[in-house]
Amino acid sequence: MKKETWRELTIGTINLNAGNSVVNLTGTWRSGRKPEFRPEHCIHCFFCWLYCPHFAIKVEGEKIAGINYDYCTGCGLCAEECPTKEKAIVMVPEEIKLAERRK
Ligand code: SF4
Ligand code: SF4
C-alpha cells in the first residue's frame, strides 16, 4: 500500500476562535508533579517566565509572584532553568484526585 505524504493527508482540526488559549486550561494536563515557588531564594531574573511554554509564571509589578496552576503543565522547565544555588522553584509530587477540580 502506498503511504500518503503530507500533500494527500486530510486537514485536521482548525480552531477559529481567536484567544481560545485563555479558556483552554492546560493545567489539566499536569500529572504527578508540580513546581513549587520558594520566594526566599528568588533573585527575580525572570528565566522561569522566559522559558515557561504556557505563560504560567505569575508576575506582580517587576517581581515573580508564583505559579498559575490553571495553565502549568508540570513540564519542569522553570525549575531546570532557575539559576540560584538554592533553587527558587522545585518540582514536588502532586497527588491527583480526578473527582476534584484543580486549584
Ligand atoms: S512546570 Fe512548565 S508549565 Fe509549569 S510553570 Fe514551570 S515551565 Fe511553566
Ligand atoms: S528563574 Fe528562579 S530565581 Fe529567576 S525569577 Fe524564576 S524563580 Fe526567581
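**A guided tour from core to ligand**

Begin by selecting Phe-37, Cys-48, Ile-57, Ile-64, Ile-67 and Ile-89, the residues with the most contacts inside the largest nonpolar core, which has 16 residues. Such a core is a set of buried Ala, Val, Leu, Ile, Met, Phe, Trp, Tyr and Cys residues joined through side-chain atoms within 4.5 Å; buried means under 20% relative accessible area, exposed over 50%, and partly exposed in between (1.4 Å probe, protein chains only). Strand E3 (63–67) and helix H2 (77–81) each supply at least two residues of this core. This is a predicted model, in which local features need pLDDT of at least 70 and side-chain atom pairs count only at pLDDT 80 or more, while totals for chains, interfaces and linings use all residues. Residues are numbered from 1 along each chain as its sequence is written, ligands are numbered from 1 in the order in which they are written, and side-chain values use heavy atoms, without hydrogens and water.

Next, select Ile-64. Leaving aside residues up to four places away in sequence, Ile-64 touches Phe-37, Cys-42, His-44, Phe-46, Cys-48, Trp-49, Ile-57, Lys-58 and Val-59 (contact: heavy atoms within 4.5 Å).

Move to Phe-46, in the loop between strand E1 (33–37) and helix H1 (47–51). Its phi is near 70 degrees, a positive value in a residue other than glycine. Phe-46 is partly exposed, with a relative accessible area of 22%.

Finally, select ligand 2. It is surrounded by 14 residues, the closest being Cys-42, Cys-45, Phe-46, Cys-48 and Cys-82 (near: a heavy atom within 4 Å).

Note on methods
Helix = DSSP H or I, 4+ residues; strand = E, 2+ residues; numbered from the N terminus.
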